[in-house]
Amino acid sequence: MSERKLSRREFLGWAGIAAASGVLAACAPVTAPAPAPAAAATPTPAPATPQPRKARIAVGGWAEKGTKELLARTGFTEQTGIEVEVVLRTDTKETELTRLASAVQAGTSPYDVIDFEDELTTSFSQAGYVLGLDDLLPPDFWDDFPPEMIAYSKTWSTYNGQTFRVIHNWEMPYWWYRKDWFDEKGVEVPKTWDEVKPLGQVFTDESKGVWASEDGLIKGAFLNVYLAWITLQAGGNPFDVGPEYRMALEYIYDLMYISKVLNPASLQKDYNQQNADYIADKVAFMRQWPFFGDVARSEENKAWFSEDKVAVALPPVGPGGKSGSTYAAAWGFGIVKTSPNLEEAKELLKFLVSKEVAIEAMKTSFWFLSARKSVLAAAPQDNWLVKQMKMYMDAGVIGVRPFHPRFVEALTILEDTAAAYLTKQIGLDESLKQAKDRLAQLS
């Protein structure tokens, strides 16, 4: 436990008392004091110097500039007297988890507030590394959140009834398509799973390396995203390994090998390769996160880009209905339980998640864009990403991301067993059995 520091409020109180004493002494009547006996001089201890208040916040490298600008723009230090240092997290969730675990065991932390993603939520919360935040939030705090974000937060940012993370970035995969190609072929955008299958005959030309669709499905969390996306459309959670998951795997297999819609080489591709193929005119439509919109509009792709090449439609509805057509993932702020500057960390978090600062954060960087009511209302309505988010929100197609209490371990199991089936190494029944048996061992 570190030595207790003099708080700013205590310091001001102490300083006020000292000042008041000086004023009273100056106003005292002037009387001749009685002579005092000589005594040995006693050294007067100097008043303790108040320690500066400080807090550290850990963010990803992409968020460093925006976070610093936000703090400067909103004057957090001027308002509170707390100096904030923005530090960078490690590159991967695995290394960050290892780093924080060692620190917490030692009763400290390299930072006080951390911005973290879904993949770390189950590890952080169940290990008791992060603080419950509900006492820090005003009673009407959640009134500013739409039902979709509340449902998400209850699943992904709550543990044992306590909110341990407040999200600021909430985004979903979109369904991108080549409107120019669809117009040229005279075909409609598919609205259901069944309407997707015939598009293989329309767009796929294997001799030219062109496929109706492609995704980034390499193992390492990429494949899991697609498995969760399709299984949610089927109406289930892949980690249950139920009939909806079976339906999802059968559908993906069909798209790859029967309908010839989805390029099987997707299983060896990441998102950068997927995006490159789309921009190389090899793909008619795809599921992808919103960062693709920035890639397509970048200076590097200026000669290729046109709005009708990156049109966005609602995802085709699966057997589970439109409410589970896609899901959102998120990043948010939490406080490390062993924070060296706990009170300052609480003040910083309350400041960052307030409605007013959330709006300023979005204006500083779209890294802080979400469907929070105040944020979305204040966002530039003519921006392409804001338009897409509003379209999906208005259509009611955003479900809750499929969850497992041991998410990282569980997704690895699903990816291993699903990839074996989708590359024809094992049959569907064997893939499902292996997934179910291995997931049961996690319980």
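The model is predicted, with local features needing pLDDT of at least 70 and side-chain atom pairs counting only at pLDDT 80 or more, while totals for chains, interfaces and linings use all residues. Residues are numbered from 1 along each chain as its sequence is written, and side-chain values use heavy atoms, leaving out hydrogens and water.

**Exercise 1**

Task: describe the largest cavity and its lining.

Solution. 
- Start with the term. On a 1 Å grid over the protein atoms alone, a cavity is a set of points where a 1.4 Å probe fits but cannot get out; lining residues have an atom within 4 Å of a point.
- Count. The structure holds 2 cavities of 30 Å³ or more.
- Take the volume, the space filled by probe spheres set on the points, which are joined across faces, edges and corners. For the largest cavity this is about 160 Å³.
- List the lining. It has 18 residues, with Trp 175, Tyr 226, Trp 229, Leu 255 and Phe 285 nearest the centre.
- Assign elements, which are DSSP runs numbered from the N terminus (helices H or I, at least four residues; strands E, at least two). Helix 8 (193-196), helix 10 (222-234), helix 11 (243-258) and strand 9 (283-288) each supply at least two lining residues. Helix 10 gives the most, with 4 residues.
- Sort by class: nonpolar is Ala, Val, Leu, Ile, Met, Phe, Trp, Tyr, Cys and Pro; charged is Asp, Glu, Lys and Arg; the others, Gly among them, are polar. The lining has 13 nonpolar, 2 polar and 3 charged residues.

**Exercise 2**

Solution. 
- Of its 13 lining residues, Ile 167, His 168, Leu 352, Ala 358 and Arg 372 are closest to the centre.
- Strand 6 (166-171), helix 14 (342-353) and helix 15 (355-364) each supply at least two. Helix 15 gives the most, with 3 residues.
- The classes are 10 nonpolar, 2 polar and 1 charged.

**Exercise 3**

Task: classify the packing of helix 2 (residues 64-74) against helix 15.

Solution. 
- Apply the angle classes: under 35 degrees is roughly parallel, over 145 roughly antiparallel, 65 to 115 roughly perpendicular, the rest oblique. Helix 2 and helix 15 are therefore oblique to each other.
- Find the contact (heavy atoms within 4.5 Å). Gly 66, Glu 69, Leu 70, Arg 73 and Thr 74 in helix 2 meet Val 357, Glu 360, Ala 361, Lys 363 and Thr 364 in helix 15.
- The contact residues divide into 3 nonpolar, 3 polar and 4 charged.

Technical notes:
On a 1 Å grid over the protein atoms alone, a cavity is a set of points where a 1.4 Å probe fits but cannot get out, and a pocket is an open set with protein on both sides within 12 Å along at least five of seven lines; lining residues have an atom within 4 Å of a point. Axes are lines fitted to C-alpha atoms, for helices over the stretch in contact, and angles run from 0 to 180 degrees between N-to-C directions.
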